[in-house]
Amino acid sequence: MPTLDLTSPKAPDAPVNLAGLTRSELGDLLRETFGLDEKKGRMRANQVWRWIYHYGAADFDKMTDIAKEMRTVLKERFVISRPEMIERQVSNDGTRKYLLRMGPGIEVECVFIPDVGRAGALCVSSQVGCTLNCTFCHTGTQKLVRNLTASEIVGQVLAVKDDLEEWPSGDENRRLSNIVFMGMGEPLYNLDNVSKAIEVISDGDGISISRRRITVSTSGVVPEMKRLGEETAAMLAISLHATNNPLRDELVPINRKYPLKELLAACRNYPGVGNARRITFEYVMLKDVNDTDEEARELVRLLKGIPAKINLIPFNPWPGAPYECSSWERIEAFADIVNRAGYASPIRTPRGRDILAACGQLKSASVKKRASETRREAAGV
């Protein structure tokens, strides 16, 4: 059976996009292009790096501390490109959802949520579509198209910083302070590109978002969890949602391959885990499915000995969803049991529901009707 190619196709004569290269990759490229020694190559790379990631420059002509002749060559051979913003929706609560096009037929969504973390969080996608088929997740109903490149992941951050007018980077009053890999796709099935993107995003001389403010959420790709911690030092979140294997097999089918015992063992051994670096366990509240007092107590038992916090997520409905959200009273009763056991268990306030931007609702427009089409049809236009 042929192996599915999940890489991004690139035209042989397409210019190299500098946005998304790591600092070392950028230095190697400039040294090779201009025949520079290591010291001068590093200096030029540092200059270009700051223009791209600190000042947000997308035009080589703005790099005024680089000689004009060198800028001419840069323009001829390279680009600094962002994804194309196809649609931008703003929720009643200030959440912004973006539909971004990476190439023909390649679209993803990402979401900026204000007042999360230190200031605001950007939920980025790591794949176009998803293979996991989690039954409560809208994204899981979209077939996987391919992995996103590091440039395409970083490009989501650049495009949103453009929209927020968040340049130069590093302002103490910044609106974007946290990155969460909780958008479309399973990040650990694209770990090479996710790891590179985190290296770029966390660099203190550029976008400068601390690795402790970058969270990677996985449904439980156990063999890659250790490498994630070792390579990225990112915070870990586990998409858990059930306290026993039969139910988790149904809700999160990857559990059939990596059951709860293996997943929780990998959590206990996650590099750097401790009280200062707790693992977040995400638990979506599904009416009459996983929301009983008994399951709350079993959740506490399962996580014993793991430095953890538990995010209770009210189920966010989407067209055709097979579940309902637990009542607020039931969610609070569940949270109370977990809290009394000593775990922080905030109830995640649904954000962006009115524009299908909430957790589990993302799905690219290449496989769904645009909202504008739906409105026109409803109006009989």
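User: Which residue forms a salt bridge with Lys97?
Analyst: This is a predicted model, in which local features need pLDDT of at least 70, side-chain atom pairs count only at pLDDT 80 or more, and totals for chains, interfaces and linings use all residues. Residues are numbered from 1 along each chain as its sequence is written, and side-chain values use heavy atoms, leaving out hydrogens and water. A salt bridge is a side-chain nitrogen of Lys or Arg within 4 Å of a carboxyl oxygen of Asp or Glu. With its closest N and O atoms 3.5 Å apart, the partner of Lys97 is Glu109.

User: How many residues apart in sequence are the parts that Glu109 and Lys97 tie together?
Analyst: Helices (H or I, at least four residues) and strands (E, at least two) are DSSP runs numbered from the N terminus. Glu109 lies in strand E5 and Lys97 in strand E4, so the separation in residues is 12.

User: Is Glu109 buried or exposed?
Analyst: Buried means under 20% relative accessible area, exposed over 50%, and partly exposed in between (1.4 Å probe, protein chains only). The relative accessibility of Glu109 is 3%, so Glu109 counts as buried.

User: Where in the structure does Arg96 sit, given its salt bridge with Asp163?
Analyst: The side chains of Asp163 and Arg96 meet at 2.6 Å, N to O. The pair links distant parts of the chain, 67 residues apart, with Asp163 in helix H4 and Arg96 in strand E4.

User: What is the order of strands in the nine-stranded open sheet?
Analyst: Two strands pair if DSSP finds at least two bridges between them. The pairing is mixed, and the order is E3-E4-E5-E6-E9-E10-E11-E12-E13.

User: Which are the edge strands of that sheet?
Analyst: An edge strand here pairs on one side only. The two are strand E3 (84–90) and strand E13 (308–314).

User: At what angle do the axes of helix H1 and helix H3 cross?
Analyst: Axes are lines fitted to C-alpha atoms, for helices over the stretch in contact, and angles run from 0 to 180 degrees between N-to-C directions. The axes of H1 (residues 23–34) and H3 (residues 68–77) come within 12 Å, and they cross at roughly 110°.

User: Which residues of H3 do Leu30, Thr33 and Phe34 in H1 meet?
Analyst: Contact means heavy atoms within 4.5 Å. The three residues of H1 meet, in H3, Met70, Val73, Leu74 and Arg77.
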